[in-house]
Amino acid sequence: MIRIIGIFITVSLTFWGYTYFQNSSIEKVLEGKVVLDVVPISTNDYLVIYQSDQMIHCDHYSKGFLGWGLDGSSAPAIMNRAEDTIFRIDNFSVISIDNKGFLYGYADPMKIKQIRFQNDDFSVSTNVESSYWYLPMLSEETSFKAEQLSVVLEDGTEVLYPFENMN
């Protein structure tokens with residue numbers, strides 16, 4: 001009986017060590033992905049924005065007993081083609097992490113200057129400097145009214161969600 005328990009403990013520790021080694025750093029877990037940004041949410045939580053084909057994805061990774069692991073992901077944001085409009089609803093998506101919501105997506109930095117989100121007394125914006133962007137929201141509530149999300153074009157024109165008047 002002691003021999004069986006010893007074998008079980010040895011196999012368990014070997015499995016744990018191998019798994020933990022494979023997932024010991026966020027870099028190891030993200031190997032092979034075209035990572036655009038790794039945003040620390042807390043010491044053991046990261047928001048990872050990466051690209052695949054014509055999409056931008058956002059995943060939540062956290063560190064646990066077996067190392068870094070995927071805790072959640074959202075629907076991807078689609079990147080525009082040259083013939084598409086400047087900004088569309090499918091150019092962004094939302095993800096909820098630890099009672100906080102995040103908006104993220106694609107934007108053409110040659111056409112879009114800024115993305116803004118406003119909620120009562122909370123306002124946040126980001127200048128578009130590359131093909132992706134992200135914004136923290138006040139809470140994990142990821143629904144919003146049309147006047148809360150807007151895109152500022154290079155000429156200074158502000159267009160509100162759902163961006164129907166953009167060409």
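In which sense do β3 and strand β4 pair, and over how many bridges? The views below come from a predicted model, and the first one takes up this question.

**View 1. Strands β3 and β4 sit side by side as a hairpin.** Strand β3 covers residues 55-64, while strand β4 covers residues 67-73. The two pair in the antiparallel sense, over six bridges. Two residues lie between the strands of this hairpin. To find your bearings along the pair, look for Tyr-61, which stands opposite Leu-70 in β4.

**View 2. Asp-59 is a buried residue of strand β3.** Its relative accessible area is 4%, and because the cut-off for buried is under 20%, Asp-59 counts as buried. The side chain of Asp-59 makes a polar contact of 3.1 Å with the side chain of Tyr-50.

**View 3. Here are the neighbours that Asp-59 touches beyond four places away in sequence.** Among them are Tyr-46, Leu-47, Val-48 and Tyr-50. Asp-59 also touches Leu-70, Gly-72 and Ser-73. Lys-33 and Ile-95 are touched by Asp-59 too.

**View 4. The largest nonpolar core brings together 20 residues.** Phe-87, Leu-103, Ile-112, Ile-115 and Phe-117 have the most contacts inside this core. At least two of the core residues come from each of β8 (112-119), β9 (122-127), β10 (132-136) and β11 (149-153).

Definitions and conventions: Residues are numbered from 1 along each chain as its sequence is written. This is a predicted model: local features need pLDDT of at least 70, side-chain atom pairs count only at pLDDT 80 or more; totals for chains, interfaces and linings use all residues. Side-chain values use heavy atoms; hydrogens and water are left out. Helices (H or I, at least four residues) and strands (E, at least two) are DSSP runs, numbered from the N terminus. Buried means under 20% relative accessible area, exposed over 50%, partly exposed in between (1.4 Å probe, protein chains only). A polar contact is a pair of N or O atoms within 3.5 Å; within protein, one must be able to donate a hydrogen and the other to accept it, and residues adjacent in sequence count only if both atoms are side-chain atoms. Contact means heavy atoms within 4.5 Å. A nonpolar core is a set of buried Ala, Val, Leu, Ile, Met, Phe, Trp, Tyr and Cys residues joined through side-chain atoms within 4.5 Å. Two strands pair if DSSP finds at least two bridges between them.
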